[in-house]
Amino acid sequence: MFRSVFPRISYCRFARILQNSRGFSRTKVLRDEQSDSKKPLPGAVSQRYQVFDESQSPQIFDVEEERARAEEEEEVEIAGPDPYDGINLQRGKVGVFEIEDLAELLRREKGQDVFVIQVPREFKYVDYICITTALSVRHMRGLAEFVRKVYKLKRHPEDVIPKIEGINCKDWIAMDMGNIALHIFIADARRFYDLESLWTVGAEFDPECNKPVDPLLEMLEQQSSLLSGSTNNNVTK
């Protein structure tokens, strides 16, 4: 009869011995891996590769953590200096901007030579024309965009947000705000167009409006009007 040479042990004791032996082998493997990671690389390999550890890897956030970080950054931005500090954000009585508030805002944002013209009511255009000079093309565009942002903060829901006319132009930007027409120029363009003279003394006294008409241009205009009239007659027939 065959007999086992191994001593008899219970099943529970055998399972405990097996578990301890596995834990010992796993611990030994981890220690071996950690010790191997600290060993210097061979000379040829160390010249081509660099050893990284977990402290050098970027931190990756989940959705909730990323949202919390974004909210913290927004709070930091809000806590900074308020760009609208000292600006009247209440809507005006006649329009979104009262002319005094707009002129003060332009001076505050480094607008040069602010000039205001009161337009006669019979023109049925706007109440005021406001003209200012910017220091550069970038300043001109930034000034127009900032005025528009303040307009959006002051307006009521029924007030139409004005469009910036000539935003890609390099010398003149205009904006119709209902009761005020704003014109922002570069210095050379302001001298060339001279809107102040045109709206204050009238077109009959403006030298640019009273220049002699070029005869060639006058002839071309007459021909174009004759051609358009003959075209209309043909269509009617």
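How many residues lie between strand 4 and strand 5 in their hairpin, and which glycine in the turn has a positive phi? Strand 4 and strand 5 form a hairpin with 3 residues between them, and glycine 178 in the turn has a positive phi of about 90 degrees. This is a predicted model, in which local features need pLDDT of at least 70 and side-chain atom pairs count only at pLDDT 80 or more, while totals for chains, interfaces and linings use all residues. Residues are numbered from 1 along each chain as its sequence is written, and side-chain values use heavy atoms, with hydrogens and water left out.

**The chain as a whole**

- The secondary structure comes to 8 helices and 5 strands; helices (H or I, at least four residues) and strands (E, at least two) are DSSP runs, numbered from the N terminus.
- Read from the N terminus, the elements follow the order α-α-α-α-β-β-α-β-β-β-α-α-α.
- Of the 237 residues, 22% count as buried (under 20% relative accessible area; over 50% is exposed and in between is partly exposed, with a 1.4 Å probe and protein chains only).
- Among contacts (heavy atoms within 4.5 Å) with a separation of 6 or more, 57% join residues 24 or more positions apart.

- The 5 strands form an open sheet in the order 1-2-5-4-3, with mixed pairing; two strands pair if DSSP finds at least two bridges between them.
- Strand 1 (112-118) and strand 3 (164-165) stand at the edges with a single partner strand each, so one side of each has no neighbour in the sheet.
- Helix 4 (residues 99-108) packs on the sheet and touches strand 1, strand 2 (128-134) and strand 5 (180-186). The direction of helix 4 makes about 0 degrees with that of strand 2 (axes are lines fitted to C-alpha atoms, for helices over the stretch in contact, and angles run from 0 to 180 degrees between N-to-C directions).
- Strands of a sheet pair through backbone hydrogen bonds, either parallel or antiparallel.
- Strand 3 pairs with strand 4 (residues 172-176) in the antiparallel sense over 2 bridges. Here glutamate 165 stands opposite alanine 174, and isoleucine 164 stands opposite methionine 175.
- The hairpin of strand 3 and strand 4 has 6 residues between the strands, and glycine 166 in its turn has a positive phi of about 80 degrees.
- Strand 4 and strand 5 run antiparallel and are joined by 5 bridges; tryptophan 172 stands opposite phenylalanine 185 in strand 5.

**Aromatic rings**

- The chain has 6 aromatic pairs (rings of Phe, Tyr and Trp, the last by its six-membered ring, with centres within 6.5 Å; planes under 30 degrees apart count as stacked, over 60 as edge-to-face and the rest as tilted).
- Tryptophan 172 and tyrosine 193 form a tilted pair, with 4.7 Å centre to centre and 45 degrees between the planes.
- Tryptophan 172 lies in strand 4 and tyrosine 193 in helix 6 (residues 187-193), so this pair ties together parts that are 21 residues apart in sequence.
- Tryptophan 172 is partly exposed at 25% relative accessibility, and tyrosine 193 is partly exposed at 35%.
- One aromatic cluster is formed by Trp172, Phe185, Phe192 and Tyr193.

**Valine 147 and its surroundings**

- Valine 147 is found in helix 5 (residues 137-154) and counts as buried, because its relative accessibility is 0%.
- Leaving out residues up to four places away in sequence, valine 147 touches Phe97, Leu102, Leu105, Leu106, Met175, Met177 and Leu182.
- Valine 147 and glutamate 109 are 38 residues apart in sequence and 9.4 Å apart in space, C-alpha to C-alpha.
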